Amino acid sequence: MSMLRNLEAKLGGLVEGAFGRAFKSSVQPVELAHKLAKEMEENQVVSVSRVYVPNHYRVFLSPQDREQFASYEPALRKELSDYLLEHARQEGLALTSRPQLELMTDDRLGIGEFGIQAQLLSPPEEEEPAGPAAAPSAGDFGHTMVYSPDRAARVLDGGEAARHADRALLVGQGRRSVLSGDHILIGRSRECEVVLEDPNVSRRHAEMRRDNGRWVIADLGSTNGIKVNGRRVDRAALEPGDRITLGVTDLTFELD
């Protein structure tokens, strides 16, 4: 509970008043953290030497609840990611990358309800699952668990998840990074959503934004700049299959 209280204290500075008053009938961020940790633990992949847990989560909210989070959504996603990272460390669970979160709207949900999908991206190739029934297939989202303040948790399939089947990814350095939200930072800093272990990459090297339905990459004044398909650019709209070079690292932009 101390981790949850610490999370509440951090997020409390982002909104007016305590969560108990500001979110009486809607989704509370601390409850989101608690249920995300639950989904993490219940969607494990057991390998020969480690127990891996999902590193990508979709959170579905009612339109009203999504609007309440709009002004500080990036900060909320970061704090929830930090919480899940620390939870995995404390429980001795393995992650293939920092947990990533997407917030989405689902008109079927009422105020105070939220759904969670959990996914494991890019498990290590050298480690095979212990058995076919050990966990959901790595790389696929499982069912959506819906949590409500006044009823038991239930499974919700199809709907919103199907409408968001096309996901943007950056593939490189042995992993597939899902681009969640509308703004992604790339660089060496641990504060970036996509962290590159390359000394030729700046701490905050580039950013990617969704612009009128397309993803655009832009240089952030980095030392070595960026290239798209071998051509130096300051800014470029991306197409599936484009090769992005930052430092000496090549990434491929894909739609899944």
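# Sheets, cores and a buried serine

Visitor: How many bridges join strand β17 to strand β18?

Guide: Happy to start there, with a predicted model in which local features need pLDDT of at least 70, side-chain atom pairs count only at pLDDT 80 or more, and totals for chains, interfaces and linings use all residues. Residues are numbered from 1 along each chain as its sequence is written, and side-chain values use heavy atoms, leaving out hydrogens and water. Strands here are DSSP runs of E, at least two residues, and helices are runs of H or I, at least four, numbered from the N terminus; two strands pair if DSSP finds at least two bridges between them. Strands β17 (residues 243-246) and β18 (residues 249-255) run antiparallel, and the number of bridges joining them is four.

Visitor: Which residue in β18 stands opposite leucine 246?

Guide: Leucine 246 belongs to β17, which spans residues 243-246. Its opposite number in β18 is threonine 249.

Visitor: Which strands stand at the edges of the open sheet of six strands?

Guide: The order in this antiparallel sheet is β9-β8-β18-β17-β14-β15. An edge strand has a single partner, so one side of it is left without a neighbour in the sheet. That describes β9 and β15 (231-233).

Visitor: Is serine 177 buried or exposed?

Guide: Serine 177 lies in strand β9 (residues 175-178). Contact means heavy atoms within 4.5 Å, and beyond its neighbours within four places in sequence, serine 177 is in contact with Gln100, Ala168, Leu169, Leu170 and Val194. Buried means under 20% relative accessible area, exposed over 50% and partly exposed in between, using a 1.4 Å probe and protein chains only. Because its relative accessibility is 6%, serine 177 counts as buried.

Visitor: Which residues have the most contacts inside the largest nonpolar core?

Guide: A nonpolar core is a set of buried Ala, Val, Leu, Ile, Met, Phe, Trp, Tyr and Cys residues joined through side-chain atoms within 4.5 Å. The largest one has 25 residues. Leucine 36 touches Tyr57, Val59, Leu80, Leu84, Leu101 and Ile116, not counting residues up to four places away in sequence. The residues with the most contacts inside the core are Leu36, Tyr57 and Leu84.

Visitor: What kind of aromatic pair do phenylalanine 69 and tyrosine 72 form?

Guide: Rings of Phe, Tyr and Trp (its six-membered ring) pair if their centres lie within 6.5 Å; planes under 30 degrees apart count as stacked, over 60 as edge-to-face and the rest as tilted. The structure holds two such pairs. In this one, the rings are 6.0 Å apart centre to centre with 85° between the planes, making the pair edge-to-face.
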